[in-house]
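The exercises below ask you to read a protein model step by step. Try each task with the structure open before you turn to its solution.

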Amino acid sequence: MEYTQFGKTGLKVSRFGLGCMRFPSNEKDAIAMVRYAIDNGVNYIDTAYMYKDSEIITGKALKDGYRNKTLLATKSPIWNIGRHEDFEKYLDEELIRLGTDHIDVYLLHNLNPDHWETVKKFDGLTFLDRMVEKGKIRHKAFSIHGTLTAFKEIVDSFDWEMFQIQLNILDEIQQVGVEGLKYAAGKGMASVIMEPLRGGFLLNNVPVEVDALINQYPEKRSLIEWCFRWLYNMPEVSVILSGTSTLDQLKDNLRIFNNSVPNIMSEADQNLIKKVREAFESKNSIGCTGCKYCMPCPQGVSIPEIFKLYNSYQLMTSHWVDKGLYRNSLIPSRSGADQCAACGICLEQCPQGLDIPVLLKKVHEEFMA
Ligand code: SF4
Ligand code: SF4
């Protein structure tokens, strides 16, 4: 495992970080997975208040001496902040959940325009400085799924030490993109990359054309491996998070990282990624990562499930099966796209910026045609 400087913090971090958003359903398995990662050299653990019971399970996993071996990152639930005092109230709750007296890297979670307004309105930046003085947090950070312009504004507004962004082979110029990564890294900030596989989208929606490109390439590697290597190659990337759900996935990820070195991508490798990206973009898929931030829908619409069916349908892997599932399962259970009342509540929650009601209408029309 390679360790690198974590921006200007002086910390040394493993380039692989364990994301704790998609834990196995069994708590014992989740704890074993976290400890396996740490025993195998991973020292960066990322969780959040909003990830259901993730903080509590992570706290249990970090008992028995594991806490001292890790840099622990978690996030403030900006959604719930209604006054300045709420910031510290939630931080204190997180410290109890995690069974620790300090957080190494504390992030203001998902600074979309609304959340950024909340931070400014309730003086969230002063809160971060105060918590560093009190010793409750060590380093100040934020995560974002926004545009490059919004990102730069936030970067330039405060003495941040780290930023967390979505980046993968499909997002080179989407959201913050590589340009934003270089911009903030150039200011000495550490970077943590989330969604290196776009929340599994890059695994579950592989067009046959991509399979062919990968299989015909002289160097035999899986698509996952190429995705990680593409990120690994960038010196501005400090930590790449992977939210594994099984021990086998974790072991495979660790194998990839343990076989990686700086400057790992040749020009031919970069060309392969370019062609893979073009093949993905030629498909009419919906860029839903299945994060479920949009759920529950007040009308009962199974938003991520519908988009998953549609993407599978687009790839022609199980054409009629997907259409049939939609018509014969989701529609009768009143969770189909036809239930959408276009209230717009889900729009504010989607980190991918999807126009959910419009996409649902399109999916419904295609599936019912
Ligand atoms: S816009 Fe449609 S899918 Fe979104 S929350 Fe409202 S009813 Fe549900
Ligand atoms: S529609 Fe957006 S918020 Fe909902 S699951 Fe997909 S990516 Fe997440």
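**Exercise 1. At what angle do helix α2 and helix α3 pack, and how far apart are their axes?**

Solution. Begin with the two elements: helix α2 covers residues 54-61 and helix α3 covers residues 84-98, where helices (H or I, at least four residues) and strands (E, at least two) are DSSP runs, numbered from the N terminus. Their axes are 7 Å apart and the packing angle is about 45°; axes are lines fitted to C-alpha atoms, for helices over the stretch in contact, and angles run from 0 to 180 degrees between N-to-C directions. The two helices are therefore oblique to each other, given that angles under 35 degrees count as roughly parallel, over 145 as roughly antiparallel, 65 to 115 as roughly perpendicular and the rest as oblique.

Next, find the residues that meet: α2 brings Glu55, Ile56, Thr58 and Gly59, and α3 brings Glu94, Arg97 and Leu98. Contact here requires that the C-beta atoms of two residues, placed from the backbone, lie within 7 Å. This contact of α2 with α3 has 2 nonpolar, 2 polar and 3 charged residues, where Ala, Val, Leu, Ile, Met, Phe, Trp, Tyr, Cys and Pro count as nonpolar, Asp, Glu, Lys and Arg as charged, and the others, Gly among them, as polar.

Before going on, note that this is a predicted model, in which local features need pLDDT of at least 70 and side-chain atom pairs count only at pLDDT 80 or more, while totals for chains, interfaces and linings use all residues. Residues are numbered from 1 along each chain as its sequence is written, and chains are lettered from A and ligands numbered from 1 in the order in which they are written.

**Exercise 2. Describe how α6 and α7 lie against each other.**

Solution. Helix α6 (residues 148-155) and helix α7 (residues 177-185) have axes that come within 10 Å and cross at roughly 10°. That makes α6 roughly parallel to α7. From α6, Leu148, Phe151, Lys152 and Val155 meet Gly177, Glu179, Gly180, Tyr183 and Ala184 of α7. Sorted by class, this contact holds 5 nonpolar, 2 polar and 2 charged residues.

**Exercise 3. In what order do the 8 strands close into a barrel?**

Solution. The order is β3-β4-β5-β6-β7-β8-β9-β10, with parallel pairing; two strands pair if DSSP finds at least two bridges between them. From one strand to the next, the twist averages 25°. Now take one pair: β6 (residues 103-108) and β7 (residues 137-144) pair in the parallel sense over 5 bridges, and tyrosine 106 has lysine 140 in β7 as its bridge partner.

**Exercise 4. Which residues come nearest to each ligand?**

Solution. Around ligand 1 there are 15 residues, the closest being Cys297, Gln299, Cys340, Cys343 and Cys346; a residue is near a molecule if its C-beta atom, placed from the backbone, lies within 6 Å of it. Two or more residues of this shell come from each of α15 (345-349) and α16 (356-368), and α16 gives the most, with 3 residues. The classes in the shell around ligand 1 are 13 nonpolar, 2 polar and no charged residues.

For ligand 2, the nearest of 15 residues are Cys288, Cys291, Cys294, Pro304 and Cys350. Helix α13 (residues 303-314) supplies the largest share of that shell, 3 residues. The shell around ligand 2 has 10 nonpolar, 4 polar and 1 charged.

**Exercise 5. Locate the cis peptide bond and the residue other than glycine with a positive phi.**

Solution. The cis bond joins methionine 295 and proline 296, with omega about -5°, and proline 296 sits in the loop between α12 (267-281) and α13. Aspartate 123 has a phi near 55°, and its place is the loop between α4 (113-121) and α5 (124-134).
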